[in-house]
Amino acid sequence: MNQLLWLPPHDDIGAALSAAKRETDPTTRLTQAIRLAGYRRDFTQTARIDRLANDALSDDPNPPGLTPLRVALLSSHTLDQLLPAIRVAGLQRRLALSMYLAPYGMYRQALLMDDPALNAFAPQVVVLALDARDAPLQLPLQASQAEVDVAIATRIEELRLLWRRARERYAAQVIQQTLVPVDPLLFGAFEAQVPASPYALIDRLNAAIREAARVDGVLLMDLAWQAAQGLYGSGLADPTRWHQAKQLVGPELSPLYGDQLARILAASVGLSRKCLVLDLDNTLWGGVIGDDGVEGITLGQGSPTGEAFLAFQRYAALLAARGIILAVCSKNNLDVAEAAFNHPEMALRRADIAAFVANWDDKAGNLRRIAEMLDIGLDSLVFVDDNPAERDIVRRELPQVAVPELPDDVADYPARIAAAGYFEAVAFTADDTGRTRSYAQNAERKAALDQATDMEGYLQGLQMTLTAAPIGAAELPRAAQLINKTNQFNLTTQRYGEAEVQRIADDARGVALALRLTDKFGDNGLIGVLLARPNPAVAADALFIDSWLMSCRVLGRGVEDASLQVLIDAAIAAGYTTLIGEYRPTGRNGMVAEHYPRLGFSLYSAPQGAVPGATFWRYDLAASRPTTHHIEVIRT
Amino acid sequence: MTEADVYAALTPVFHDVFDDDSIVLSPETTADQIEGWDSQTHVILIVAAEQRFGIKFRTAELESLKNVGHFASLIQQKVH
């Protein structure tokens, strides 16, 4: 079965693997492993890539460029055969995964009996991979719907207990796998109408799992749904493999399964991509706008090809509606390219595009420009271009940018982009829906800045208001989302799930603030999070700033100065005399290296056990002289 | 497919699965003689061979595999 079709094929991956294996330096082998993980690969090739990477990762589980993550797999079936492909998919999605695998069938014991090995591992993510053959609901076939519902409610309560344990003991994010129906039909098409038929039971249980997961903040690995979509072909739950080795997912499907799991893991630590960059000619419409003119391009009702392009535009528009930023990168004259958006059948409007670059420069350079315009990393971009040569050049020049291999027919573009899982979400909040507008507003702000002769006048003219609210239920999902995806303006890059943020917010001696910013151009949404609590390891009586992070969209506007003012007031109100801040360099947060000294903090000795390279900073509240800014502050 | 053809095609499968290009197969080769050939990699080897030759082994056949010679002759019977 062909898997990972969005990844480009390699000319001779076997030879490349053998060559990489001969490299003596483990770090070089790891670099090669990461590179080769980005190509289409079958399960034996994937396992060889895993072996290439393992030496370097066991020497240094925190290599540059990869986010380390400890994942415990607790299952009711055998998963050993999937581990290499999960790790390799992790590399491809910029994760260095350490995995703990409980003996199969021992998932309850592992969580309920305080398994010492699991305790020592201290998982950040717990994956519960269950299957339909595990502890079947004991019901006679003639059981009523009411009896079925009682049995399912009992099973859901048991699952929720396991989820709770994982969160309370480890503050771990839980990922629950749905159950793939495996039993052959007893009643044929009538199956679903018999409440206690094997199929109806599993179907109902999955629906209940999805609902409970939504309420409890558990993420889903929805294998049942993926199986129903035919994602794994007929290879899931092969009876031979089950009888032979208790495998639900055979080794041949491990590259796909590994990627399905790794993309959720990557999303949970903020590594999903943020921006879809689109080529224009023969990507968004048929034909060449510069040659054919607005009337001459193929788009919209009336021709099958035109409808296919329109369907792709509609998919892009829906991605924008859920918070993916859209950009254009095209070889065209700017005015000609923009004029195409006046075509009556166009589903995307010019205003949907947050960064529009059309010129005759090379696309790699233009993609850099787009990342700068939007204040996001190149590793947040997905570049879609029908031209294989352009794709190839961008992959070579900018390996950080994801460039999906595309099918020949534009009708298949939406499914291919979706299958690649670039934009895996772990939450969906009101701020997401306004993102396109917010980036468009930012472009206006930039234009206003270009026109303003002095910075102070510009900032004053923005009429900014910062609203600081204690993090409560309403702010929790968005706050956790920001905590997990902010890399640049982030002093400590601590990653917390909702459960852990809640725990900090509930600490009576702590301060947990969600910061929102509005200005005359509109609402920037939740743009910052401040978490502070006493930390006896650092200083006995001080308020320790555990996390300070901010969206880069509002950089350079004095928000950090206004935020400090909020924090100072909250700390004094809580009876503190001192603030202590920490800066942990990560390779991506260099922009905040001078954050504390700039705000008037003085260097403070690093406590025992501090992260190597971390610096600590002290602020005397009695002698505080807040810096000036142009932001009105509101506390709620 | 001759016996030689089967060995010629099966050898690279072993090379890939055990990540060792120096493996030379003979009919007498058993799991003990190849590093890393355990119950886990056995399933992987079976699946890799199924994919390479476009065949499927029956559950019972998987229980009785003794050595590479047995494995190869089973493959030869299944490939037409």
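## Helix packing, rings and cysteines

Let's start with two helices of chain A: α7 (residues 145-170) and α8 (residues 198-216) pack with their axes 10 Å apart, at an angle of about 40°. Axes here are lines fitted to C-alpha atoms, for helices over the stretch in contact, and angles run from 0 to 180 degrees between N-to-C directions. Helices (H or I, at least four residues) and strands (E, at least two) are DSSP runs, numbered from the N terminus. α7(A) and α8(A) are therefore oblique to each other; under 35 degrees would count as roughly parallel, over 145 as roughly antiparallel, 65 to 115 as roughly perpendicular, and the rest is oblique. The crossing of α7(A) past α8(A) is right-handed, that is, the near helix is turned clockwise from the far one by less than a right angle, with anticlockwise being left-handed.

Some ground rules: this is a predicted model, where local features need pLDDT of at least 70 and side-chain atom pairs count only at pLDDT 80 or more, while totals for chains, interfaces and linings use all residues. Residues are numbered from 1 along each chain as its sequence is written, chains are lettered from A and ligands numbered from 1 in the order in which they are written, and side-chain values use heavy atoms, leaving out hydrogens and water.

Now for the rings. Over all chains there are 13 aromatic pairs, counted when rings of Phe, Tyr and Trp (its six-membered ring) have centres within 6.5 Å; planes under 30 degrees apart are stacked, over 60 edge-to-face, and the rest tilted. Here are two of them.

| Pair | Centre distance | Plane angle | Type |
|---|---|---|---|
| A:F601 and A:Y619 | 4.8 Å | 40° | tilted |
| B:F14 and B:W37 | 5.4 Å | 75° | edge-to-face |

The chain A pair links distant parts of the chain, 18 residues apart: A:F601 sits in the loop between α24 (595-598) and β15 (602-604), and A:Y619 in strand β16 (residues 615-620). A:F601 is buried at 4% relative accessibility, and A:Y619 is buried at 4% too; buried means under 20% relative accessible area, exposed over 50%, and partly exposed in between (1.4 Å probe, protein chains only). Ring pairs also tie A:F601 and A:Y619 into a cluster with A:W548 and A:Y596.

Over in chain B, the pair again links distant parts, with B:F14 in helix α1 (residues 3-18) and B:W37, 23 residues apart from it, in the loop between α1 and α2 (39-53). Both B:F14 and B:W37 are buried. That loop between α1 and α2 of chain B also holds B:I23, which is buried at 10% relative accessibility.

The charged end of A:R133 sits over the ring of A:W242, 4.2 Å from its centre, and B:R52 lies over the face of B:F53 at 5.2 Å from the ring centre. To count, NZ of Lys or CZ of Arg must be within 6 Å of the ring centre and within 35 degrees of the ring normal.

A:C275 is buried with a relative accessible area of 0%, and A:C329 is buried at 0% relative accessibility.

A:A237 is buried at 14% relative accessibility, whereas A:N282 is partly exposed at 33% relative accessible area.
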